[in-house]
Amino acid sequence: MKKGIVLCTAIVVILAGCRKNEEEQPLADQSGYETGEEYSADVAGTVFDASVNAFNNSIPGLSLEENIRFTTGNSFNRSAWVIAPSSTEARDGLGPVYNAASCSGCHRLDGRGRPPEPGTTTISMVYRISLPGEGPHGEPLPVTDFGDQLNHRSIPGVDNEGDVDISYTEVAGVYPDGTPYSLRKPNYQFRNGALNGVLYSPRVAPKMTGAGYFDALSAASILVHADPDDLDHDGISGRPNYVWDYTLNSAVLGKIGWKASQPDVKQQIAHAFLNDIGITSSIFPDENLWGIQQEKYGMLTNGGNPEIRDSIFRQVLFYTDALAMPARRNVKDANVLAGKKSFNQLGCVKCHVSKFTLGVHPVVPQLSHITIRPYSDLLLHDMGPDLTDNRPDYLASGREWRTSPLWGIGLYETVNGHTLLLHDGRARGVEEAILWHGGEAAGPRNSFMLLSKSDRNNVIAFIKSL
């Protein structure tokens, strides 16, 4: 795997000099409004819906046959999988260990999950676990008898793997203008003592909507923003993650996930079916059982081989890829436009890149060659010691995270009833999320803190409009 990375890194260095392309400086009128910027994914992929259902619409103009595929995929996304054998053969095979019985169990209304309240059980947050070292393809090294994800639920007769208790410590701070603030730092304690000392990474379920567009995003369009050696000396690097594609049997650019650890939506879906629900697929045909688990539970009746049929898997993939992005709101409001100007001047846009042009979409032709506005470069950035999880993931270090796409962020409260942000949900809103930024983002964060309170509120208003 690493021989290929040398070539790719060389390409990144060559491209670094032209990373500041015209897409970062859109044409705008005197107010700062850019024509069409309310369209998150062009006319072809945008819907004007700011309701509780904002994230689960299909793109406009699907044919009758495509609508049937979309609806069928939605059915298998929302409905619970059951223990095999059952009368609902098409959706049995749950477990033996799992985190949720359906995709929507974590991605309610295709939106974002949240950490559990202190003293309650995990619902839409998972813990990736591993040992120091790496597997044969550079992936995190699974934990003996547990694998690479903690499953806190199990079918009858099978032991679950434990859960995690969360508590928070308030960390007080003061802006230079005297305005106080408080951040909450999470503390984690495994209930299963056998897991003490393992590397772990708490991760809230991200929204499903939007990920499918990245399947049509070329590696070159991402790498043009990479600057792993900071050749332009702006303090911001941006590194690609190269991960194993189990369909191609080769290392490719990672695009999906908190650390860009999946190459595309197809493998992400297969990975989630296996690790979150315990459902095997053609991509991952073996049950999620490790070591002694295999000895104890390997002979249990499953729901077929694989448990999700290829025909059904393709419907779920189509559904995910054909989810429309909701349009932005309040794009011409004076405070939003002022916040947009500050967002750009602070340097936030260097990582949260506003626009990309897609290539050919492999699943949904209507999404080919459109302009999307995800506000992410999909690259890894060192976010400093406060946000580190100390767990490498392929080439991503414990301090590095993929730039989180901001599109849709202003609708989380409407759709999912909370504003808990960052990979572990520690931030109770946009302001706290900004203040947690460190490492490469320390400069823009510090500049944000130096703004007047009204200017800070404008930046927050702009981000909430996305």
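In this predicted model, helix 3 (residues 64-78) and helix 7 approach each other with their axes within 7 Å and cross at roughly 100°. Helix 3 and helix 7 are therefore roughly perpendicular to each other, since an angle from 65 to 115 degrees counts as such. On the side of helix 3, the residues that meet helix 7 are Glu-66, Arg-69, Phe-70, Thr-72, Gly-73, Asn-74, Phe-76 and Asn-77, and their partners in helix 7 are Ile-312, Gln-315, Val-316, Phe-318 and Tyr-319. Sorted by class, this contact of helix 3 with helix 7 holds 6 nonpolar, 5 polar and 2 charged residues.

Helix 7 (residues 310-321) also packs with helix 5 (residues 265-277), where the two axes come within 10 Å and cross at roughly 120°. That angle makes helix 5 oblique to helix 7, and the crossing of the two helices is right-handed. Helix 5 contributes Val-265, Lys-266, Ile-269, Ala-270 and Phe-273 to the contact, while helix 7 contributes Phe-313, Val-316, Leu-317, Thr-320 and Asp-321. The classes represented in the contact of helix 5 with helix 7 are 7 nonpolar, 1 polar and 2 charged residues.

From helix 8, the contact draws on Asn-335, Val-336, Ala-338, Gly-339, Lys-340, Ser-342, Phe-343 and Leu-346, and from helix 12 on Asn-458, Val-459, Ala-461, Phe-462 and Ile-463. This contact of helix 8 with helix 12 comprises 8 nonpolar, 4 polar and 1 charged residues.

The packing pairs are set out below.

| Helix pair | Axis distance | Crossing angle |
|---|---|---|
| Helix 3 and helix 7 | within 7 Å | roughly 100° |
| Helix 5 and helix 7 | within 10 Å | roughly 120° |

The elements that give two or more residues to the lining are strand 4 (140-141) and helix 5, and helix 5 supplies the largest share, 4 residues. In terms of class, the lining of the largest pocket divides into 13 nonpolar, 7 polar and 6 charged residues.

Some features of the backbone geometry remain to be described. Most residues other than glycine have a negative phi, and most peptide bonds are trans. The peptide bond from Ala-84 to Pro-85, however, is cis, with omega near -5°, and Pro-85 is found in the loop between helix 3 and strand 2 (97-98). A cis peptide bond also joins Gly-95 and Pro-96, where omega is about 10°, and Pro-96 has its place in the loop between helix 3 and strand 2. Asp-110, although not a glycine, has a positive phi of about 65°, and Asp-110 is found in the loop between strand 2 and strand 3 (125-134).

Terms used
Residues are numbered from 1 along each chain as its sequence is written. This is a predicted model: local features need pLDDT of at least 70, side-chain atom pairs count only at pLDDT 80 or more; totals for chains, interfaces and linings use all residues. Side-chain values use heavy atoms; hydrogens and water are left out. Axes are lines fitted to C-alpha atoms, for helices over the stretch in contact, and angles run from 0 to 180 degrees between N-to-C directions. Angles under 35 degrees count as roughly parallel, over 145 as roughly antiparallel, 65 to 115 as roughly perpendicular and the rest as oblique. A crossing is left-handed if the near helix is turned anticlockwise from the far one by less than a right angle, and right-handed if clockwise. Contact means heavy atoms within 4.5 Å. Ala, Val, Leu, Ile, Met, Phe, Trp, Tyr, Cys and Pro count as nonpolar, Asp, Glu, Lys and Arg as charged, and the others, Gly among them, as polar.
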